[in-house]
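Here is a short report on one protein chain. It covers the fold, the core, the salt bridges and the surface.

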Amino acid sequence: MKPRITLSMTKDGTLELHLNESGRDKLVDLIQSLTEENDHFHLAPEEHGMECDISEIPYHRTDQVISFGKVLLRPDSWDREHFPHVMRMSD
């Protein structure tokens, strides 16, 4: 089965991530492959040729589909040095 991943914002502002089984497996594999040297991947519709294809077909007519995204690995050591304000809640 072809991976299907849809990112959308509901009318109340909730981010929803809709996945079929293949989409879940693809996303988990990509997340697990992130390292400090390979620290991000892109999500985009298939025609853009990014690392993770996403669908632009909304699940609900009121959804705002998100067509492009980026997942970034940010190790604590990096954030402590460059973005210490994000560490206040997790330290």
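Helices (H or I, at least four residues) and strands (E, at least two) are DSSP runs, numbered from the N terminus. By that rule, R4 sits in the segment before strand 1. This is a predicted model: local features need pLDDT of at least 70, side-chain atom pairs count only at pLDDT 80 or more, and totals for chains, interfaces and linings use all residues. Residues are numbered from 1 along each chain as its sequence is written, and side-chain values use heavy atoms, with hydrogens and water left out.

**Overall layout**

The protein chain has 2 helices and 6 strands. From the N terminus on, the order is β-β-α-β-β-β-β-α. The C-alpha trace spans about 40 × 30 × 20 Å along its principal axes. Contact means heavy atoms within 4.5 Å. Among contacts with a separation of 6 or more, 43% involve residues 24 or more positions apart.

Burial classes rest on relative accessible area: buried means under 20%, exposed over 50%, partly exposed in between (1.4 Å probe, protein chains only). Of the 91 residues, 24% count as buried. Accessible areas come from the Shrake-Rupley method with a 1.4 Å probe; for residues, only the protein chains shown count as cover. The accessible surface of the protein chain comes to about 6,600 Å². Carbon and sulfur atoms hold 53% of that surface.

Strand 1 pairs with strand 2 (residues 15–19) in the antiparallel sense over 5 bridges. I5 has L19 as its bridge partner in strand 2. The hairpin of these two strands has 5 residues between them, and G13 takes a positive phi near 90° there.

Strand 1 also joins strand 5 (residues 64–65), again antiparallel, through 2 bridges. Here S8 stands opposite V65.

**The nonpolar core**

A nonpolar core is a set of buried Ala, Val, Leu, Ile, Met, Phe, Trp, Tyr and Cys residues joined through side-chain atoms within 4.5 Å. The largest one has 9 residues: I5, L7, L27, L30, L34, F41, L43, C52 and I54. Strand 1, helix 1 (21–32) and strand 3 (40–44) each supply at least two residues of this core. In soluble globular proteins, nonpolar side chains tend to be buried together.

I54 shows the packing in detail. Leaving out residues up to four places away in sequence, I54 touches I5, L7, L43, A44, P45, E46, I66, S67 and F68.

R4 is partly exposed, with a relative accessible area of 39%. Not counting residues up to four places away in sequence, R4 touches H18, L19, N20, G23, S55 and Y59.

**Salt bridges**

A salt bridge is a side-chain nitrogen of Lys or Arg within 4 Å of a carboxyl oxygen of Asp or Glu. The whole structure has 3.

| Pair | N to O distance |
|---|---|
| K2 and E46 | 3.0 Å |
| R24 and D25 | 3.0 Å |
| R74 and D39 | 2.9 Å |

K2 forms a salt bridge with E46. K2 lies in the segment before strand 1 and E46 in the loop between strand 3 and strand 4 (52–53), so the pair ties together parts that are 44 residues apart in sequence. K2 is exposed at 56% relative accessibility, while E46 is partly exposed at 47%.

R74 forms a salt bridge with D39. R74 lies in the loop between strand 6 (69–72) and helix 2, and D39 in the loop between helix 1 and strand 3, so this pair links parts that are 35 residues apart in sequence. R74 is partly exposed at 31%. D39 is partly exposed at 22%.

For the remaining pair, R24 is partly exposed at 41%, and D25 is partly exposed at 38%.

**A nonpolar surface patch**

Patches are made of residues with over 30% relative accessible area and no salt bridge: like charges are joined within 9 Å, nonpolar side chains (Val, Leu, Ile, Met, Phe, Trp, Tyr) within 5 Å. W78, F83 and V86 make a nonpolar patch of about 270 Å². V86 lies in the segment after helix 2 (76–82). V86 is partly exposed, at 42% relative accessible area.

Definitions and conventions:
Pairing = 2+ DSSP bridges.
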